[in-house]
Amino acid sequence: MMHQQRSEGRLSPSGDTEDIVMVLAPRLAYFAGVARTEHVTRAAQEMQVPQSTLSRAMVRLEQDLGVDLFARRGRTVSLTPAGRTFLGSVERALAEIERAADEVRADADPTTGKVAFGFLHTMGSETVPALIRAFRVDHPRVRFSLVQNYGEAMIERLRSGELDLCLTSPVPDAPDLVGRRLDEQKLRLVVPADHRLASRRRIRLAEAADEAFVTLEPGYGLRRITDDLCRQAGFRPRVAFEGEEAETLRGLVAAGLGVALLPPPAVPRPGVVELTVTAPRAAREIGVAWLDGHPDTPPVAAFKRFLLSRRGNLLPE
């Protein structure tokens with residue numbers, strides 16, 4: 001009967017990695033402590049566990065592995081060659097676990113922790129730097145991991161846990177997300193400086209129905225807004241070029257390759273004229289989103305409160 005129990009306690013060499021880890025992981029720190037002191041009683045005292053618990057754990061570990069890790073002489077033990085090989089990997093694994101624990105504790109520190117923050121490309125040159133500068137007046141040592149991307153990609157990174165918060169447009173409406181509207185940004189029709197409409201200050205979007213448009217690629221929030229506004233104006237835009245970044249589109253417009261609906265630039269660009277669109281109402285909502293039910297670390301909670309306090313005053317004048 002005893003022989004049968006020992007056989008069932010051993011791990012099969014072909015066992016699943018997950019099963020092996022679940023069985024071995026709780027005993028690795030015990031093993032390292034005994035190996036370091038080469039004395040069960042002394043190790044038990046240092047780790048503040050009963051000696052009997054430690055002894056049973058080492059016996060079971062050897063049974064699970066099917067290998068003798070220690071040569072025993074009373075309460076004194078020494079590592080076998082297999083034990084020394086095992087110890088090297090165990091110490092590296094425990095050091096990595098300790099490093100990971102230190103890292104997550106540091107990221108959650110209220111004073112010096114980290115916020116993983118995503119935002120649209122069009123927010124990167126002016127809006128986000130100004131926000132972070134204002135936030136760090138009261139939180140000077142909080143660190144940021146910044147990610148620029150288009151809206152759908154940032155939402156996926158929220159869901160995967162890579163981001164804590166993101167500024168996006170349109171504000172997402174999904175059961176697993178929380179979205180809060182923060183501000184509104186007017187869009188303008190950008191035309192080449194020598195365009196037939198360049199002498200105008202205002203325009204109805206329907207007047208551009210025959211123009212070639214340069215737009216962001218499908219999947220970008222601004223592309224969806226462009227398509228929707230053109231549909232409201234009674235036409236489907238004839239897309240000549242698609243890109244991934246608003247300022248590249250402005251360059252294409254300056255080169256005479258089309259017109260575009262874009263938010264205001266951080267710095268005026270020569271070669272283009274930006275017209276106010278009077279109909280339909282051309283604007284996009286900017287909001288902050290996070291994963292519903294996801295617990296916030298203190299620095300994330302502080303930055304979330306800060307962003308929500310900027311409602312209506314998010315964008316630079």
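The points below go through the sheets, helix packing and selected side chains of this model.

1. The model is a predicted one, in which local features need pLDDT of at least 70 and side-chain atom pairs count only at pLDDT 80 or more, whereas totals for chains, interfaces and linings use all residues. Residues are numbered from 1 along each chain as its sequence is written, and side-chain values use heavy atoms, with hydrogens and water left out.

2. Five strands form an open sheet of mixed pairing in the order E4-E3-E5-E13-E6, where helices (H or I, at least four residues) and strands (E, at least two) are DSSP runs numbered from the N terminus, and two strands pair if DSSP finds at least two bridges between them. Strands E4 (143-148) and E6 (177-186) stand at the edges with a single partner strand each, so one side of each is left without a neighbour in the sheet. Neighbouring strands of this sheet are turned against each other by 20 degrees on average, direction ignored; axes here are lines fitted to C-alpha atoms, for helices over the stretch in contact, and angles run from 0 to 180 degrees between N-to-C directions.

3. Within this sheet, strand E3 (residues 114-119) runs parallel to E4 and is joined to it by six bridges, and Lys114 stands opposite Arg143 in E4. Helix H10 (residues 298-309) packs on the sheet and touches E3, E4, E5, E6 and E13, with a direction that makes about 40 degrees with that of E3; contact means heavy atoms within 4.5 Å.

4. Helix H7 (residues 151-159) lies across E3, E4, strand E5 (165-168), E6 and strand E13 (283-291), and runs at about 165 degrees to E5. Gly151, Ala153, Met154, Ile155 and Leu158 of H7 are buried, a term that means under 20% relative accessible area, with exposed over 50% and partly exposed in between (1.4 Å probe, protein chains only). The buried residues of H7 pack against E3, E4, E5, E6 and E13, and the helix is followed by Gly161, whose phi is positive, near 90 degrees.

5. Helix H6 (residues 127-135) and H10 have axes that come within 11 Å and cross at roughly 115 degrees, and the two helices are therefore roughly perpendicular to each other; angles under 35 degrees count as roughly parallel, over 145 as roughly antiparallel, 65 to 115 as roughly perpendicular and the rest as oblique. At this crossing Leu131, Ala134 and Phe135 in H6 meet Pro299, Ala302, Phe303, Phe306 and Leu307 in H10.

6. The axes of helix H3 (residues 40-47) and H4 come within 9 Å, again with a crossing at roughly 115 degrees, which makes H3 roughly perpendicular to H4. On the H3 side the contact is made by Val40, Thr41, Ala43, Ala44 and Met47, and on the H4 side by Gln51, Leu54 and Ser55.

7. Two buried polar residues deserve a look. Thr37, found in helix H2 (residues 17-37), counts as buried at 14% relative accessibility, and a polar atom of its side chain lies 3.1 Å from the backbone oxygen of Gly33, while the side chain of Thr37 also reaches the backbone oxygen of His39 at 3.0 Å. Residues up to four places away in sequence not being counted, Thr37 touches Arg42, Ala43 and Glu46. Asp64, in helix H4 (residues 51-65), is buried with a relative accessible area of 1%, and its side chain makes a polar contact with the side chain of Arg27 at 2.5 Å; such a contact is a pair of N or O atoms within 3.5 Å, of which, within protein, one must be able to donate a hydrogen and the other to accept it, and residues adjacent in sequence count only if both atoms are side-chain atoms.

8. A further open sheet, of four strands with mixed pairing, has the order E8-E12-E7-E11, and its edge strands E8 (202-204) and E11 (260-262) each pair on one side only. The twist averages 45 degrees from one strand to the next. Strand E7 (residues 188-192) pairs with E11 in the antiparallel sense over three bridges, and Leu189 has Leu261 as its bridge partner in E11.

9. Strand E9 (residues 212-216) is mostly covered, five of its five residues being buried. Five bridges join E9 to strand E10 (residues 238-243) in a parallel pairing, with Leu216 opposite Gly243 in E10.
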